Amino acid sequence: MSYPRLYRQPYSMHIQLGNCMFGRQLETELVINFLLQSWPHGTEELEVLPIFGPGRVGKSTLVAHVCKDERVRDHFSKIMFLKGHDFTDDDLATLRQGCATEHENRVSNINKDGRLLLVVELVDDLDEDTWNKLYFASKQCMPSNSKIIITSCSEKIIKFGTTEALSLKNMSHETFWYFFKTLTFGSTNPEMHKNFVHVAMEIA
């Protein structure tokens with residue numbers, strides 16, 4: 001109930017699905033709300049949101065959708081990405097220099113305080129000492145109200161968060177079938193192609 005309603009429009013739903021992450025609207029809004037929350041006088045704590053779940057569940061895709069949202073693009077002057085399992089001194093130096101920027105806001109002059117968003121995608125588990133080094137380096141170079149999102153298959157990253165972690169689970173069979181069927185048949189009524197429906201179910 002807390003996110004914008006998606007109205008059911010059978011003949012254009014396949015177009016709408018191409019512009020959102022189906023089945024993750026609530027999670028998307030939760031992440032965006034975390035990112036847009038600002039404190040009037042800043043905070044000494046660098047806020048971290050952990051996102052975890054099984055492989056290929058959509059963690060990176062969720063973050064990509066969030067980073068494309070205009071509200072997020074307007075809120076941060078830069079969005080930086082780090083991916084790995086053991087961050088070296090070179091990685092930390094790259095972070096400090098801001099050279100890891102993958103997306104840069106074209107209207108950054110509107111955002112006077114230059115706040116940053118850092119997305120850390122873990123391949124394996126990360127030990128606490130390495131995380132502390134990365135967090136300390138980020139804290140030194142990132143302005144007030146900057147944020148960090150950290151993603152991993154392991155729920156061990158919960159301890160790195162400053163807010164409640166977001167857990168992603170696989171879609172239910174019914175939800176996935178609706179998604180697949182809508183993208184496959186578009187505005188066509190699947191009942192008109194019963195043989196194709198059977199084949200599509202097998203593929204799904």
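Helices (H or I, at least four residues) and strands (E, at least two) are DSSP runs, numbered from the N terminus.

## What you're looking at

This is a predicted model, where local features need pLDDT of at least 70, side-chain atom pairs count only at pLDDT 80 or more, and totals for chains, interfaces and linings use all residues. Residues are numbered from 1 along each chain as its sequence is written, and side-chain values use heavy atoms, with hydrogens and water left out.

## Trp39 in its loop

Trp39 sits in the loop between helix H2 (25-36) and strand S1 (47-52). With 38% relative accessibility it counts as partly exposed (between buried, under 20% relative accessible area, and exposed, over 50%, with a 1.4 Å probe and protein chains only).

Setting aside neighbours within four places in sequence, Trp39 is in contact (heavy atoms within 4.5 Å) with Glu47 and Asn145. Ser144 is 105 residues from Trp39 in sequence, yet their C-alpha atoms are 8.6 Å apart in space.

## Where H7 meets H8

On the H7 side (residues 173-185), Trp177, Phe180 and Phe185 meet Phe196, Val197, Ala200, Met201 and Ile203 of H8. Sorted by type, the contact has eight nonpolar residues, no polar and no charged (Ala, Val, Leu, Ile, Met, Phe, Trp, Tyr, Cys and Pro count as nonpolar, Asp, Glu, Lys and Arg as charged, and the others, Gly among them, as polar).

The protein chain averages a pLDDT (the predictor's confidence in each residue, from 0 to 100) of 82, and 80% of the residues score at least 70. Over residues 99-103 the pLDDT is below 50, though this stretch has 14 contacts in the model beyond near neighbours in sequence.

Key. Axes are lines fitted to C-alpha atoms, for helices over the stretch in contact, and angles run from 0 to 180 degrees between N-to-C directions.
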